Protein chains: 2
Amino acid sequence: MRLLNVDTIDEARGKLLENAAGKIPGVEYIDFSKGRNRVLAEDITAAENVPGFNKSTVDGYAVRAKDTQGVSESIPVFLDVVGEVSMGEAAAKIIFPGQACYVPTGGMLPEGADSVVMIEHTEKFDENSIAVYDSVSVGRNVISAGEDIGMGTVFLRKGTLMRPQDTGVLASAGVSQIPVFKPWKVTVISTGDELAGADGAIKPGQTRDINTHSLSAAAEKNGFVVAEKLVLKDDRDAIKNAISKTMDVSDVVIVSGGSSQGDKDYTADIMDELSDVGVFTHGIAVKPGKPTILAYDGKSGTILAGLPGHPVAALLIFELFIAWLYRQLTCQKEPKKTIARITENVPSAGGKATCMPLELKEGSDGVYDAIPVLGKSGLMTVLTRADGYTLTDTNSEGLKQGEFVEVTLF
Amino acid sequence: MRLLNVDTIDEARGKLLENAAGKIPGVEYIDFSKGRNRVLAEDITAAENVPGFNKSTVDGYAVRAKDTQGVSESIPVFLDVVGEVSMGEAAAKIIFPGQACYVPTGGMLPEGADSVVMIEHTEKFDENSIAVYDSVSVGRNVISAGEDIGMGTVFLRKGTLMRPQDTGVLASAGVSQIPVFKPWKVTVISTGDELAGADGAIKPGQTRDINTHSLSAAAEKNGFVVAEKLVLKDDRDAIKNAISKTMDVSDVVIVSGGSSQGDKDYTADIMDELSDVGVFTHGIAVKPGKPTILAYDGKSGTILAGLPGHPVAALLIFELFIAWLYRQLTCQKEPKKTIARITENVPSAGGKATCMPLELKEGSDGVYDAIPVLGKSGLMTVLTRADGYTLTDTNSEGLKQGEFVEVTLF
């Protein structure tokens with residue numbers, strides 16, 4: 001394996017996208033009401049108009065707008081009431097000039113009517129007629145057939161991460177089955193002779209494993225399914241066997257720890273041996289997260305990622321590369337960021353992009369103050385105290401107090 | 001039932017919090033690794049130090065800092081190497097003045113050592129000694145025992161909505177069972193003679209039901225469990241029976257439609273009859289969403305909410321009151337907003353708070369432009385096109401082009 005130069009974030013992303021271009025997730029059809037947080041795999045086209053008919057948005061009288069021309073509080077017009085529309089039923093009558101028909105909110109306008117006068121602007125004159133005190137224009141208080149969604153038009157785009165309103169709009173158009181991307185299956189392996197589980201006592205020198213748990217949670221947050229969680233000793237053969245086996249059942253195999261270049265850092269060599277494309281990135285100019293390995297195996301269709309053992313770095317790299325790649329391949333938009341004003345100078349890391357965890361507090365003018373969460377590299381509580389992070393450019397000179405920064409919320 | 005005045009959002013929230021103060025969700029214990037998106041019901045205190053020992057953050061030699069005083073590239077100091085610490089094992093030796101011990105990243109410092117010199121700043125002199133070319137201060141390249149989390153300290157607060165890093169920090173401290181709030185059980189009932197399901201053909205005048213689906217998705221998004229989804233005709237007895245029955249198995253019963261004051265708007269009367277506290281809010285000064293009913297039954301511990309049939313309003317009111325109340329009762333922080341610059345004037349709704357759906361596009365200076373998503377009230381596609389919304393004050397004079405607004409992301 002050739003040792004590669006350190007890539008910038010953009011370079012590493014470019015290589016990942018190029019090498020793993022074939023990893024576009026498969027498509028499955030599911031019931032639309034089970035689609036929350038799933039990603040649409042195709043544009044959704046309406047097979048019917050929404051609404052299906054000209055619909056009143058108020059309780060009132062369906063009229064021909066022309067009949068109300070010039071009408072006002074002091075100069076009413078008198079119209080014959082020819083009937084009443086019931087909710088959920090077709091309007092039976094046709095409205096001719098000089099006529100009106102009662103229609104409730106959500107009811108169907110009769111043929112001939114092109115607008116609705118609110119009931120508040122009418123008065124019963126006798127059993128069969130009303131006085132109208134308001135002039136309405138064509139379309140007033142009406143949603144036309146197809147005005148929300150026209151039959152044959154695309155109303156939800158491929159790549160939509162489904163929110164409650166997207167579920168609602170599918171219901172409105174009668175789309176009951178939807179094509180969504182299958183979630184990636186992710187295996188998370190932590191390596192290290194020092195690692196102990198979350199249960200039971202711990203011996204001096206041992207450290208409880210964090211990364212299988214935090215990375216699995218991050219995988220689930222991004223809509224992935226966790227295939228396996230493994231904690232292994234620093235044993236080359238055991239690690240190689242585990243990666244090899246889990247490649248068959250995973251779209252992504254993540255190994256945290258052993259990604260540096262020390263004696264026991266086998267991960268890069270193993271990943272290179274097990275993949276046909278091989279390791280294409282070893283080292284990324286980001287702090288924390290430099291010792292990151294990216295490889296791809298086209299045969300099995302597996303992305304191999306060696307992440308730092310450092311739990312803060314591992315979570316960051318997962319978000320910056322694995323979650324990002326899934327969004328790219330499924331045509332999703334990047335999550336919206338928030339804007340905040342940084343409360344103190346943050347020096348640059350010289351040639352590396354820097355991830356600065358931030359706590360957000362609402363400032364006096366409504367804009368958030370972003371307070372850097374400081375602490376030695378590797379402290380997990382740095383991340384739990386933070387609301388999000390900002391990423392400075394590789395060549396940035398750092399951040400100046402009072403400067404606006406883009407914050408990615410955790 | 002007395003007819004009440006229209007409340008402002010804050011007035012309605014105040015009444016809701018006061019009347020439903022007893023609805024604090026119950027607590028259950030779950031495995032920490034299943035806690036994603038659950039809310040901690042108690043402060044979490046550490047039963048052990050994290051790390052459990054003084055831990056090196058680099059590969060290097062554990063030393064007494066005093067031994068390196070005055071040392072530089074040109075004036076090295078020579079130290080005796082008395083051993084090597086293995087990962088995951090207790091450091092056996094004690095470091096006396098003039099001695100050093102190899103320690104890998106994550107390894108345990110031997111007693112006597114107070115700092116680590118990076119391996120890059122040392123040179124092997126002979127089998128048993130090294131030259132050190134760098135002066136280190138006490139604590140350099142070391143995380144002290146308990147520096148991340150001190151034994152006995154609270155490291156996660158009640159009300160924390162669990163993120164991947166929170167799962168990670170629980171793992172690091174060996175907390176395997178966590179107390180979380182039980183999710184509310186929510187029943188969603190849509191009423192209306194015009195309503196049809198999402199499947200099959202639709203008759204003229206019929207409208208497909210949206211609200212059971214969109215409100216159920218919103219409930220799930222907020223961590224609730226959907227108890228039942230019902231679509232009912234505008235039949236007073238049927239609606240009353242359904243509410244009464246579902247109150248026994250629900251923390252919240254939502255009825256959409258029939259919340260106005262027309263002939264067939266029974267919801268307020270029914271809710272008043274079925275609850276001991278009764279209806280305390282009928283009408284909220286917000287656009288859309290005015291015809292909203294809030295009631296509480298202390299006997300069964302059920303919040304009753306009558307939401308507008310208007311699907312956009314129903315979703316908004318659900319977020320503003322039901323989701324908000326759960327966050328309040330579980331001590332959660334409000335979700336972070338983003339800041340954006342509005343691209344056009346938005347007139348005020350005169351005495352009502354206004355919810356303006358917005359599309360966000362990144363502006364040239366990195367700050368988002370917020371483009372009002374216009375469309376007739378009630379169009380579902382207004383919400384699907386929007387990234388979030390801003391809420392203007394009751395007494396606002398509207399928004400001015402270029403003004404910064406707080407955007408709640410959907």
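**View 1. The area buried between chain A and chain B is about 6200 Å².** Buried area here is the accessible area (1.4 Å probe) that two parts lose on being put together, summed over both. Carbon and sulfur atoms give 59% of this area. Chain A brings 74 residues to the contact and chain B brings 74 residues (contact: heavy atoms within 4.5 Å). Please keep in mind that this is a predicted model, in which local features need pLDDT of at least 70 and side-chain atom pairs count only at pLDDT 80 or more, while totals for chains, interfaces and linings use all residues. Residues are numbered from 1 along each chain as its sequence is written, chains are lettered from A and ligands numbered from 1 in the order in which they are written, and side-chain values use heavy atoms, with hydrogens and water left out.

**View 2. Salt bridges and polar contacts link chain A and chain B.** Eight salt bridges are counted between the two chains (a side-chain nitrogen of Lys or Arg within 4 Å of a carboxyl oxygen of Asp or Glu). In the salt bridge of K376(A) with E147(B), the closest N and O atoms are 3.3 Å apart.

**View 3. Helices and strands supply the side of chain A that touches chain B.** Among the elements giving at least two residues each are α2 (164-172), α3 (211-221) and β23 (353-362) of chain A. Helices (H or I, at least four residues) and strands (E, at least two) are DSSP runs, numbered from the N terminus. The largest share, eight residues, comes from α2(A).

**View 4. Helix α5 (residues 267-274) of chain B is largely enclosed by the rest of the structure, because six of its eight residues are buried.** Buried means under 20% relative accessible area, exposed over 50%, partly exposed in between (1.4 Å probe, protein chains only). The buried residues are T267(B), A268(B), I270(B), M271(B), D272(B) and L274(B). Their cover includes α4 (236-247) and β17 (252-256) of chain B.

**View 5. N211(A) lies in helix α3 of chain A.** N211(A) is buried, with a relative accessible area of 4%. Beyond its neighbours within four places in sequence, N211(A) has contacts including V188(A), S256(A) and P308(A).

Methods
Polar contact = N/O pair within 3.5 Å; in protein donor to acceptor, adjacent residues only side chain to side chain.
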